[in-house]
Amino acid sequence: MEGILFNIQKFSLHDGAGIRTTLFFKGCNLRCRWCANPESQKMEPEQLGAETPGRAYTLEEVLAEAMRDKPFYDRSGGGVTLSGGEPLLQADFAAALCRQLRPHRPEALRSRQTPNLHRGR
């Protein structure tokens, strides 16, 4: 299973409790004028100058990258945040990722379609 992300941000402090890894998903159907991540709007990777934000990741790649910071999550009460873009546009991938993360740490979902959801242990 694959999902398209445009950034994996380590040591996030403002996207949920504790130290977090924020996974920025590609794709958003809202097109808000005030969008903080306009590079996230298209589902597919796109060329923007010298950069190409976004690429396909396997579930295993994302899990391995996120779990590298587990010692920080454990000490700070942090975890993994799914952000974007709109993570729910890749609902199957996001759900599979949350199922794999659940035994390890809390995760948070920042969705533009629904209120922010946070699940503790």
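Colleague: Which residue in strand 2 is the bridge partner of N7?

Modeller: F24 is the bridge partner of N7 in strand 2. This is a predicted model, so local features need pLDDT of at least 70 and side-chain atom pairs count only at pLDDT 80 or more, while totals for chains, interfaces and linings use all residues. Residues are numbered from 1 along each chain as its sequence is written, and side-chain values use heavy atoms, with hydrogens and water left out.

Colleague: In what sense do strand 1 and strand 2 pair?

Modeller: Antiparallel, over 5 bridges. Strands pair if DSSP finds at least two bridges between them. Strands (E, at least two residues) and helices (H or I, at least four) are DSSP runs, numbered from the N terminus.

Colleague: And strand 2 with strand 4, parallel or antiparallel?

Modeller: Parallel, over 6 bridges. In strand 4, L82 is the bridge partner of L23.

Colleague: How many residues of strand 2 are buried?

Modeller: 6 of its 6. Buried means under 20% relative accessible area, exposed means over 50%, and partly exposed is in between (1.4 Å probe, protein chains only). Both faces of strand 2 are covered: R20, T22 and F24 sit on one side, and T21, L23 and F25 on the other.

Colleague: Now the core. Which residues touch the most other members?

Modeller: L23, L82 and L97, in the largest nonpolar core, which has 18 residues. Strand 1 (2–12), strand 2 (20–25), helix 1 (59–67), strand 4 (79–84) and helix 3 (91–101) each supply at least two residues of this core. Helix 3 gives the most, with 6 residues. A nonpolar core here is a set of buried Ala, Val, Leu, Ile, Met, Phe, Trp, Tyr and Cys residues joined through side-chain atoms within 4.5 Å.

Colleague: Which residues of helix 1 are buried?

Modeller: L59, V62, L63 and A66 are buried in helix 1. They lie on the same side of helix 1, because they cover an arc of only 100° around the axis. That arc is taken from the directions from the helix axis to the C-beta atoms.

Colleague: What do they pack against?

Modeller: The buried residues of helix 1 pack against strand 1, strand 2, strand 3 (55–58), helix 2 (70–76), strand 4 and helix 3. Contact means heavy atoms within 4.5 Å.

Colleague: Switching to aromatics. How many aromatic pairs are there?

Modeller: The structure holds 2. In one of them, the ring centres of F6 and F24 are 5.5 Å apart and the planes are at 45°, so the pair is tilted. F6 is in strand 1 and F24 in strand 2, so this pair ties together parts 18 residues apart in sequence. F24 is buried at 9% relative accessibility. F25 and F93 form an edge-to-face pair, 6.1 Å centre to centre with 65° between the planes. F25 lies in strand 2 and F93 in helix 3, so that pair ties together parts 68 residues apart in sequence.

Colleague: What cut-offs are behind those labels?

Modeller: Rings of Phe, Tyr and Trp (its six-membered ring) pair if their centres lie within 6.5 Å; planes under 30 degrees apart are stacked, over 60 edge-to-face, and the rest tilted.

Colleague: Last one. How many disulfides does a search of the whole structure find?

Modeller: 0. A disulfide is a pair of cysteine sulfur atoms within 2.5 Å. C35 is in none; its nearest cysteine sulfur, that of C28, is 6.4 Å away. C35 is partly exposed at 27% relative accessible area, whereas C98 counts as buried at 17%.
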